[in-house]
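Here is a short tour of some backbone and packing details. Have the viewer open as you read.

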Amino acid sequence: MQNILRKWSVALFGLVLLLCLTQSLRGVDLRGYLDTVENCARDRFSTPPYPISSATNGDYFQSPFTTLLFWPFSLINRGFAKLIFAGLATFLLLFILKSLEAEKLSKKSQFFLLLLFTHALSDVYLALNPLFLSLGLLWICHVFSLRSDRSSHVLSGVCLSFAILIRVTPALLLPFFLFSSKRRSVLPWTFFFLVIAFGFSYIVLPDATLWWSRWFRALPLYSQAASVLSPAFQSPMAVITKWLYSFGLNTLLISQVESVLGLLFWAFFYVLSFRAEKTNQKDLAFSFLLAALYCAFSRVWASAFLYCLPLFILTLRRGMKLGFAALSILYALLPQWLYPRDLWNYLMSNWALQGLVITALIVLAIPPETKAFKRTEKHS
């Protein structure tokens, strides 16, 4: 019977993954990025494609390094390029699941995990943007940072530097590496490869200083291009921000509240992370920080919910909870195609209904983990 259940769960996961892979034929974000990079190449990279004084949805915000990373893929068939990125995303997903031993979860836990993350996984392939790529690089960085040989630390440093160059926000994880004696030796390699990549941009781009300065000036404009009231944003911070808007607060005050709450989120998750690291629960420590990369920002897309995947896997290792199952079913009942579009947009834009369920799931996941490392501290 156990063997039959195992085969059933593998078949179900394979079917879900196959269905999600079909979304990669669209690769909406990747197609737009490659078109922009191709236009830049025709112009010999003389003019950075970033917005200057204002921004709208669809504007280009990828870093100069990511632009150079995309360049070779802009020279080949778009469908082939999408397949390469979809294959890379699949490899990273399987690496995360394998390293966390997700196959050892109960079949019930595996089912509800699939139920919860199918939407986010589908969004990975639908967009094929660097968001999930950054998650995969960070998890590889984590796994190899725990090994003692130099080659592993080099690989860890490469992955961390690439994640930072692609997304910027992973730079918030640097203090964790600095204060962790086990992982500290990764940092010199991280800074080394950051310098190498930065220098490479000066070799390839005709005016790299212009590119980097324009990019840094464009980043604050992202809030104009991606309205937080978009139904796509459902992180815990997005929930708070949407509700603040519903109370009629002005934009400047909401921005200030967001900044303060963002810092509080990071302080909270850092405390949890350091305590887990102290009790030698390395996967848990890094999972808290990855969850912070999702929770502390209001404008993160659906696929970013996968940054919470390691935390949920570790939680489910301790047993399936009725609350997790109920919330997973509730989340699965909120897809766009089940509702009239106007109603769904209203529920997600004004009430952040999906975000409320996600927030409840994260709140449900944290206490069991904190109790676990409290027990470890007492035992030690």
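## Terms and model

A residue is called buried under 20% relative accessible area, exposed over 50%, and partly exposed in between, using a 1.4 Å probe and protein chains only. Helices (H or I, at least four residues) and strands (E, at least two) are DSSP runs, numbered from the N terminus.

This is a predicted model, in which local features need pLDDT of at least 70 and side-chain atom pairs count only at pLDDT 80 or more, while totals for chains, interfaces and linings use all residues. Residues are numbered from 1 along each chain as its sequence is written, and side-chain values use heavy atoms, with hydrogens and water left out.

Most residues other than glycine have a negative phi. You will find F45 in the loop between α2 (28-42) and α3 (64-74). Its relative accessibility is 4%, so F45 counts as buried.

A352 is the other case to look at: its phi is positive too, near 50 degrees. A352 sits in the loop between α17 (341-350) and α18 (353-379), just after α17. With a relative accessible area of 0%, A352 is buried.

## The neighbouring helices

In α17, the buried residues are W344, M348 and S349. They lie on the same side of α17 because they cover an arc of only 115 degrees around the axis, taken from the directions from the helix axis to the C-beta atoms.

The buried residues of α3 include P64, F65 and F70. The buried residues of α3 pack against several helices, among them α2, α4 (78-99) and α6 (130-145), where contact means heavy atoms within 4.5 Å.
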